[in-house]
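Dear colleague,

Please read the notes with the coordinates open beside them.

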Amino acid sequence: MLLRISQLCEVAKSAHFPTSLCLGGWVAFLSFRSNFTSAGLLGGLVTTLITLSVFLLNDINDITSDSFSKPYRPLVSGSLNRETSLFWAAIVICISIPLLVSILILEVHALLLVSYFILCLFYPSIKNIFAICKDFYVGFSVMLPPLFGVIESGSFNSGNLFLLLSFSFYIAHRELLMDVHDTLGDAAAKIRTIPVVFGASIADHCSWVLWVASVCFVCIPSHHSFILYANAWLFIITSGSQFLLYKRMINSRWRLFTVSQWGSLMTLGTLITFNGV
C-alpha cells in the first residue's frame, strides 16, 4: 500500500500536479464568478486532466534533456519508470475524452477546450520537429482554457482579451527563459530550441521582447481602476524581477526565480478574473 502511494506521488510530481490543479481550478473559478454552471465545473476538471497528461508525456519525451538540466525529475532519477508514466497518461486521456464530449454538448465554446486537448497531444511532436516555435505554441495553448472560463462566466470583453494576450505572451516569455536554462540538455537531445539554434544571448533578448509585449497588454485595461492599476504594477515588478535572477537559475536563486514566476502568474490571474465586472 505504501509502495503504491509512493508511486502515485512520483506520478503526481512528474505530472506537475499543483500546476495542473491551479490551472483547472482557475478555469472553474472564472466560470463560477457570475453563477454556478456544470460546464464550468467540467471545464476545470478537464483542464486539470489534460494538463496532467501533457506534463506526463513531456517528461517521457524529455528524459535525455532532463538528464543534463533536471536530474531530479522522477523519470531521470529512476523513481518512476516509463511504462508507469505512459499508463497513467493513457488513463488520464481516456477519462478526458468523454468529459470533453459532455461539455461540448452543453456549450459550443467548449471547442476551446477540445483545441487545448489536441494542441497538448501534439506538443511532444511539435517540440521534436519545430522546437523553435514551441514557446509561442505553449503560450497560445495555455491561453485557451482561461478564455473558455471567461466566456462561460459571461464576462468576455476587450479588457479581458488584452489580459489574456498578456498571459499568453508572459507564458511564451517564461518558456523561453526555461529553454535558456535547458540549453545543454536540449542540444544533447537534438531539440532545436531558440537558444540552441541562435544562442542564449539572442534567446535572452527575445524573451524580454515578449515580456515587454506582455506588460503593454496588461497596462491597456488597467487605466480605469486603481485596483487594476496597482495589480498591473505588481505584475510588472514580480515578473521584471526575473531579469535579475534568471542568469543564475540554480540552487537558491532558481527557487527565487520560480517564486517570482508564480507571483507573476497569480497577479495576472487576479487581473483576468476581476477585470470588467
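Predicted model: local features only at pLDDT ≥ 70, side-chain atom pairs only at ≥ 80, totals over all residues.

Helix packing

I begin with helix α6, which covers residues 82–106, and its packing against α7: the two axes come within 9 Å of each other and cross at roughly 155°. Because angles over 145 degrees count as roughly antiparallel, α6 is roughly antiparallel to α7, and the crossing in which α6 passes α7 is left-handed. On the α6 side the contact is made by Ile93, Ser96, Ile97, Leu100, Ile103 and Leu104, which meet Leu111, Leu113, Val114, Phe117 and Leu121 of α7. Sorted by class, the residues of this contact comprise ten nonpolar and one polar, with no charged residues.

Helix α7, residues 111–129, also packs against helix α8, residues 134–152, at an angle of about 165° and with the axes 9 Å apart. That angle makes α7 roughly antiparallel to α8, and α7 passes α8 in a left-handed crossing. From α7, the contact draws on Leu112, Leu113, Ser115, Tyr116, Leu119, Phe122, Tyr123, Ile126 and Lys127, while α8 contributes Lys134, Tyr137, Val138, Phe140, Ser141, Val142, Leu144, Pro145, Leu147, Phe148 and Ile151. The residues of the contact of α7 with α8 divide into 16 nonpolar, two polar and two charged.

A lysine in α8

Is Lys134 buried or exposed? Its relative accessible area is 2%, and since buried means under 20%, Lys134 counts as buried. Leaving aside residues up to four places away in sequence, Lys134 touches Tyr123, Lys127, Glu175, Asp179 and Thr193; of these partners, Tyr123 and Lys127 are also among the α7 residues listed for the contact with α8.

Cysteines

How many disulfides does the model contain? The count comes to zero, where a pair of cysteine sulfur atoms would have to lie within 2.5 Å to qualify.

Notes: Residues numbered from 1 in each chain as written. Heavy atoms only, no water. Axes fitted to C-alpha atoms, helices over the stretch in contact; angles between N-to-C directions. Helix = DSSP H or I, 4+ residues; strand = E, 2+ residues; numbered from the N terminus. Parallel < 35°, antiparallel > 145°, perpendicular 65-115°, else oblique. Left-handed = near helix turned anticlockwise from the far one by under 90°. Contact = heavy atoms within 4.5 Å. Nonpolar A, V, L, I, M, F, W, Y, C, P; charged D, E, K, R; others polar. Buried < 20%, exposed > 50% of the residue type's maximum accessible area, 1.4 Å probe, protein only.
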